[in-house]
Amino acid sequence: MKKNIRSHAAKILVAVFFATALAAFFVFDLGNYLTLDALKQQQQGLSDFYDQHPWQTILIYLAVYVAATALSLPGATLLTLAGGALFGVLVGTVVISFASTIGATLAFLVSRFLLRDYVQQKFSDRLRGVNAGFAKDGAFYLLSLRLLPVVPFFVVNLLMGLTPMRAWRYYGVSQLGMFPATLIYVNAGTQLGQLQSLRDVASPGVIISLALLGLFPLIAKKLVDVYRTQRVLRRFRKPARFDYNAVVIGGGSAGLVSAYICAALKARVALVEKHRMGGDCLNTGCVPSKALIRSATLLNYAKRAREFGFKRTDVEFDFAEVMERVQRVIGEVAPHDSVERYTDLGVECITGAAHIVSPYEVRVGERVLTTRNIIVATGAQPNIPAIPGLEQVSYRTSDTIWELRERPRRLLVLGGGPIGCELAQSFARLGSQVTVVQRGRQLLPAEDPDVAALVLQRFVDEGLRVFVGHAAQHFERDGDDDVLVCSTAGGLQRIAFDVVLLALGRKANVSGFGLAELGVNVTPSGTLETDEFLRTRIPNIYACGDVAGPYQFTHAAAHQAWYCAVNALFAPLKIFRADYRVIPWATFTDPEVARVGLNEQEARAKNIAYEVTSYAIDDLDRAITDGEAHGKIKVLTRPGSDKILGVTIVGSHAGETIAEFVSAMKHGIGLNKILGTIHIYPTFAEANKYVAGGWKKAHAPHGVLRVLQRLHGWRRG
C-alpha cells in the first residue's frame, strides 16, 4: 500500500515538474530564442564563445537540446540547424546525435512512468495485438518511424513509452534511426550558417543541402523497403534463376485475371488450380445463381400475366430441367475460363494442389516451380456454423445447392444476406415453401433499413416467410420432420423443413497450402493480412480476391488482381496502392439492390456529414410501362455540394442503372453534370437525371430567382 502511495506521489511530482517547465517555456516566451532571426543575430557571439570555450559550449548546447527534446518543446529542428552552423558537420553530428537520442529516451521514460500502466490497464483488450506486434517487430517499427519522419519525433517518443519495448533497445534503435536525418540537417545548418545576403540562397551548397532534406524521406522509404524485404527473405535460399516471374495459385476470378495480366505483359506465369477453372463465380456462385434467377423471374412474369393484359398464362416446368439449364449455362460460359483459352493467352496451366515451400518455390505433386513472386488467389468457401444437431439434418450450401434435382417442398434459408435472399426468392418462385431466418433485425444488414424494407415487403407479397431477430439454437428431429429451434425476443420458435440452405457468409481459404508455416498473418476477419500494395508479410507473396478481402465480389477480385500482377512484376521499380474508393455491388433480388460508396448507416457510423436526395422510381415512365413501378434512388452528397458520397438504388435493373454513378464517383463528376447529360427516353437510367434534378431543386438560388421574377414582370410592362 505504502509503495503504491509513494509511486503515485512520485508520478505527481514528475508531472508537476514537466508541467511547470512547459508553462515557463510559454509564459516567458522562450520560443523567441528558437527562431532563425534570433539565432542569426546571436551567431557571431555564439561562434566567438565556442572558439574561446569549446567544451563549455558543447555541454551547454547538449543540456539545452536534451531538455528541449525531453520536454517535447518545439524548436528541435532549428536547434539542429544551429548546431550545424556552430560546430560544423563532424562535431555537430556527434553532439546532436547523442543529445537527440538521450532527450528522446528521457521523453520515452517519462511517458512510460506517467501513463503506461493506466493506458495498458484501461485498453488491455485493444492493445493485446499491438503489444504482441511490438514484442515481435517493435525495433523494426521504431526504425521505420525514425527513418521516415512522417510522424513528429516527439509523438513517437510519447507513444512508444506506452509499449512494452525495453529502454535500452529504444535508445539504440533511435540512435541508429535518427542518425541519417541528423547528418542531413546538420549539413544544411552549416550551409545556412554561411548566408550573409539573399544572393547566398542560390549557392550550390545550400541548394544541395535543401535538396537532400527533400529527398531524404523518399530515400529512407526505399531503404526501409529494402531492409524489410531482406530481413524477411534472408532465411530462405534464393535460386540463381527462376522458372517463372509469377506463380498464381487459384483459378477463380482473381487468379485468372492475375495470370492474364502477367501473360499480357510478356512475363512467364504458371496458374495452378486443383479443382475447376473459373472458381466459385463460374461453378457455384454468380453464373449459376443468375441463371436460376432468370428462370424464376420468367415464371413469376407468367404468374403476373393479368398485369400485362393476358387473361391467363400456364407454364409447365420440371424443376430438374431448370437445374439442368443452370448447368448448361455454366457450360456455355466455361470456355471463357478454360485451360485451353488461357494456354493460348500464354499462361501455363497446371492442375493439382499447390504447396508453398518457400517464397521462391511452389510444389505441385512431384514438381517444384521456382518463381520470383507468388500470387495467392485461393478464394473462399461457405461458412458452416457450429450449430448442435446440424450433422443430423439435410443441409446445403451455395456450393452444393446446385446438385438438387428434386424441388424442396419446404426450404429453410438460414441467413438473410445477399446469397440467402437471392436463392430464397428464386426457390419460392419455383414453388418451394420458403422460410428465411435472420439473426439480425433486418434482411440485407449492410443496407439501409428503408431499402431492406422494400425487399422484405416483396418477399412477403410473394409468400415467403421471413423471421428476423431469430437466432438458431439447434437442429433436431421431430418424427419425420427436421426442425430448427430458434430463440427470439418472445421465446423459442420451432420451424420444420425438408432442406436447409446455409447462407451465413463465406470464409477465406487461408490454410492447407503452406502460408502458415511461412508465418503469413491472418486478420481477425479470417482473411490474409496484406498491406496497401496487396503484399503479405513476405513481400514477394501477394494475395487478392476473397482470400484477401475486404470485399467478396468477383469484380473486386479482378480489380485487386491487376494490382497484384503489376506490383509483382515491377516491384521495387514501381508499385501501386490498391484503390478501393469506388467499389460497387448489387444484390440480384427482385427488386434489385445496387450500391456504390456510402449509405446512410455507414455515413452515421463514420460521423460523415451528408445530405440525402431521393427519387421514387414509381414515378418513372419506363418503370410504369414495364410494370416495375417500385423502388427508389438515394444519393448522399456533401452538405451544400453536388459531390457524390454514395448511391443506393433499389428497383428493377438497379445493377445496370447504377453504372452512371460509379463512373461519376470515379472521375469526380457531381450531380450538376449528371443533370446536364442527355438521357434516352424512356429508360431506367432517366431516374439518375431526375434524382439529380431533385438535388438541384433543393439547392435552387432563391434570391436569384426572385430577382428574375421581378425582371420578367418588368419586361411584361
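Trainee: Where in the chain is Lys-266 placed, in terms of helices and strands?

Mentor: Bearing in mind that the model is predicted, Lys-266 sits in the loop between helix H10 (253-264) and strand S2 (269-273). Its phi is positive, about 65 degrees, although Lys-266 is not a glycine.

Trainee: What makes Lys-266 count as buried or exposed?

Mentor: The relative accessible area of Lys-266 is 76%, and exposed means over 50%, so Lys-266 is exposed.

Trainee: Which label does Leu-444 receive, buried or exposed, and why?

Mentor: Leu-444 has 3% relative accessibility, and the cut-off for buried is under 20%, so Leu-444 counts as buried. Leu-444 also has a positive phi, near 45 degrees, in a residue other than glycine, and it lies in the loop between strand S10 (433-438) and helix H16 (449-461).

Trainee: What is the label for Leu-109, and why is it given?

Mentor: Leu-109 has a relative accessible area of 37%; since buried requires under 20% and exposed over 50%, the conclusion is that Leu-109 is partly exposed. Leu-109 is placed in helix H5 (residues 89-122), and together with Leu-90, Val-94, Phe-98, Ile-102 and Leu-106 it makes a nonpolar surface patch of about 520 Å².

Trainee: Why is strand S6 described as largely enclosed by the rest of the structure?

Mentor: Strand S6 (residues 367-376) has ten residues, of which seven are buried, so the strand is largely enclosed by the rest of the structure.

Trainee: How do you know that S1 and S6 pair, and in which sense?

Mentor: Pairing needs at least two bridges, whereas strand S1 (residues 244-249) and S6 have five, in the parallel sense; Val-248, for instance, has Ile-375 in S6 as its bridge partner. Ile-375 also stands opposite Tyr-542 in S17, and three bridges join S6 to that strand (residues 541-543), again running parallel.

Trainee: What is the sense of the pairing between S5 and S6, and over how many bridges does it run?

Mentor: Strand S5 (residues 361-364) pairs with S6 in the antiparallel sense over four bridges, with Val-362 opposite Leu-369. Two residues lie between the strands of this hairpin, in which Gly-365 takes a positive phi near 65 degrees.

Trainee: In which order do the five strands of the open sheet run, and why are S8 and S11 said to stand at its edges?

Mentor: The order is S8-S15-S9-S10-S11, with parallel pairing. Strand S8 (395-397) and strand S11 (465-468) each have a single partner strand, so one side of each is left without a neighbour in the sheet, and they stand at the edges. From one strand to the next the twist averages 20 degrees.

Trainee: What shows that S9 and S15 are paired, and which helix packs on the sheet?

Mentor: Strand S9 (residues 410-414) and strand S15 (residues 499-502) share four bridges in the parallel sense, against a requirement of at least two, and Leu-412 has Val-500 in S15 as its bridge partner. Helix H15 (residues 418-429) packs on the sheet, touching S9, S10 and S15, and its direction makes about 160 degrees with that of S10.

Conventions: Residues numbered from 1 in each chain as written. Predicted model: local features only at pLDDT ≥ 70, side-chain atom pairs only at ≥ 80, totals over all residues. Heavy atoms only, no water. Buried < 20%, exposed > 50% of the residue type's maximum accessible area, 1.4 Å probe, protein only. Axes fitted to C-alpha atoms, helices over the stretch in contact; angles between N-to-C directions. Contact = heavy atoms within 4.5 Å. Patch = residues over 30% accessible without salt bridge, like charges linked within 9 Å, V, L, I, M, F, W, Y side chains within 5 Å. Areas by Shrake-Rupley, 256 points an atom, 1.4 Å probe, with all protein chains shown as cover. Salt bridge = Lys/Arg side-chain N within 4 Å of Asp/Glu carboxyl O.
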